[in-house]
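These are my notebook entries on one chain.

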Amino acid sequence: MKRSLALGLCVSLLAMPVMATEKDTLKARQDRLSNELEESKKAQAETDAELEITEAERDAVKTEIHVVDDRLNELSEQIAIQQHEVDTARAELESTRQQLSVQEEYLESQKELVNERLRVLQVHEDTSYLQVIFESRSFGDFVTRAMTARTIAEQDRELIHNYMSEMERLESLESTQRTQLSFIKQKERELVITKQDLDRTAEKKRDLLVELNEQVEQLELEKMTRSEEQAVMAEQNRIISEQLEAIATAEREAAEAAERAKREAEARAAEERAQAEAEARESDVEEAPEVTAPTETPTNVSTSTGFVRPVSGYVSSPFGPRDNPLTGVPEIHKGIDLVNASGTPIVSSAPGVVIKAAPATGYGNVVFVSHVINGEIWTTVYAHLNAITVGAGQQVAAGQTVGTLGNTGWSTGPHLHFELHRGKWAPGQPNAIDPAPYIGY
């Protein structure tokens with residue numbers, strides 16, 4: 001009788017230790033996930049602040065570059081004007097020099113005649129007038145000769161005076177133009193030097209702008225990546241919460257079933273006691289046969305013992321150290337790359353729940369699936385997909401198509417990037433393990 005009661009209770013509570021263990025595992029992972037999610041949010045807040053500061057610095061540099069460019073344009077115009085003035089002044093100076101050269105050539109050709117006239121005017125001026133008087137044949141002839149001599153003398157004097165004045169004017173003009181040309185060229189040199197300094201400043205500003213643009217791009221990428229990470233962690237948290245709720249429901253149902261079994265066992269025991277007492281009075285007591293209740297298996301625990309291959313093909317890049325094919329920088333490859341034709345179906349490696357099914361930075365089109373296998377959490381990742389055929393929150397079976405092979409995201413050719421995580425997926429993939437042994441490679 002006592003044995004029958006104990007057996008009934010054991011049958012009713014058979015699944016409870018398994019659910020309790022799984023519950024503790026899920027609860028611990030949920031707590032760690034919540035902590036990591038909070039840390040990710042704090043890091044994102046810091047990234048947002050740094051991004052805001054960097055964008056402000058970039059905007060300030062852009063403004064400075066606009067100012068410098070405006071100044072450079074202004075200087076270019078001034079230099080063009082100065083160059084035009086230099087060309088004009090140089091042409092005028094050349095013209096003056098040509099006039100001086102002509103005058104000098106004329107002076108050289110008329111040198112003997114001018115010298116003779118100077119000698120007549122300066123040395124023999126009085127003698128000439130006496131010769132005019134004595135050689136005159138009459139008073140009328142004298143007057144005519146005197147007037148002619150005076151006219152010639154005055155013309156010679158005016159000619160020589162004009163020539164000397166023109167020479168002085170041209171020489172003075174040449175000196176002035178030479179000084180002006182020197183001044184204009186000096187101003188042009190100063191403008192060119194100023195422009196060269198501004199060109200160097202502008203080049204430094206543009207280099208700084210390129211650097212700030214790269215920083216902004218990196219911070220925006222980091223911000224986007226953190227947002228995607230938080231979305232994945234939040235979805236994992238939600239799924240774990242649903243699993244915990246399912247376990248709690250199963251525990252309540254198991255407890256209710258145990259209570260019912262206990263009451264039924266007590267009723268049967270009381271009935272058996274009464275029957276035994278009645279039969280004892282009539283004949284020898286026979287031991288009642290043992291009743292074995294059917295064994296129940298929790299519906300939320302996967303009975304799968306392994307993983308199926310997500311796609312056939314050869315491994316182009318195994319798990320572990322390698323040089324990034326896009327950047328050439330050494331890294332740890334957190335998955336394996338399986339090569340096949342674009343559009344080849346990709347299947348889930350185990351039963352589970354889709355955490356994420358959408359484009360993500362680096363991964364391209366990607367599907368995350370969370371699995372609970374023998375009470376342990378696993379996560380698989382299927383990246384660079386050409387198309388996605390499942391949605392977040394969807395239950396999938398092992399071998400069910402989740403998408404098609406492609407070349408999206410940071411990829412150099414059609415292939416599947418497949419990751420296996422012992423536990424939840426987390427930023428930096430700390431739980432990633434080599435999936436090759438688990439899928440037969």
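I call two strands paired if DSSP finds at least two bridges between them. Helices (H or I, at least four residues) and strands (E, at least two) are DSSP runs, numbered from the N terminus. The model is predicted, so I kept to its limits: local features need pLDDT of at least 70, side-chain atom pairs count only at pLDDT 80 or more, and totals for chains, interfaces and linings use all residues. Residues are numbered from 1 along each chain as its sequence is written, and side-chain values use heavy atoms, with hydrogens and water left out.

Asp-323 stands opposite Pro-330 in β3. Arg-322 has Glu-331 of β3 as its bridge partner. Strand β2 covers residues 320-323 and strand β3 residues 330-333; they pair in the antiparallel sense over 4 bridges. Together β2 and β3 make a hairpin, with 6 residues between them. In the turn I noted Gly-328, whose phi is positive at about 80°.

**Entry: the whole chain**

I counted elements next. The chain has 5 helices and 12 strands. For burial I used relative accessible area: buried is under 20%, exposed over 50%, partly exposed in between (1.4 Å probe, protein chains only). On that scale 34% of the 441 residues are buried. Areas come from the Shrake-Rupley method with a 1.4 Å probe; for residues, only the protein chains shown count as cover. The chain exposes about 25,900 Å², and carbon and sulfur atoms supply 53% of that. A contact means heavy atoms within 4.5 Å. Of contacts between residues at least 6 apart in sequence, 72% join residues at least 24 apart.

Is Lys-356 buried or exposed? Lys-356 counts as buried, because its relative accessibility is 14%. Lys-356 sits in strand β6 (residues 352-360). Leaving aside neighbours within four places in sequence, I found Lys-356 in contact with Val-232, Val-366, Val-367 and Phe-368.

Ile-184 lies in helix α5. Ile-184 is buried, because its relative accessible area is 6%. Not counting residues up to four places away in sequence, Ile-184 touches Gln-82, Glu-85, Val-86 and Ala-89. I also checked Asp-87: its C-alpha is 9.9 Å from that of Ile-184, with the two residues 97 apart along the chain.

His-384 belongs to strand β8 (residues 376-388). Its phi is near 65°, a positive value in a residue other than glycine. Most residues other than glycine have a negative phi. His-384 is buried too, with a relative accessible area of 6%.

I then searched for cavities. On a 1 Å grid over the protein atoms alone, a cavity is a set of points where a 1.4 Å probe fits but cannot get out; lining residues have an atom within 4 Å of a point. Grid points are joined across faces, edges and corners, and a volume is the space filled by probe spheres set on the points.

How many cavities of 30 Å³ or more does the whole structure hold? The search finds 1. The largest cavity has a volume of about 40 Å³. Its lining consists of Gln-236, Ile-239, Ile-240, Gln-243, Ser-370, Ile-377 and Lys-424. Helix α5 (residues 139-282) gives the largest share of that lining, 4 residues.

Technical notes
1 Å grid on protein atoms, 1.4 Å probe; cavity = no way out; pocket = protein on both sides within 12 Å on 5 of 7 lines; lining within 4 Å.
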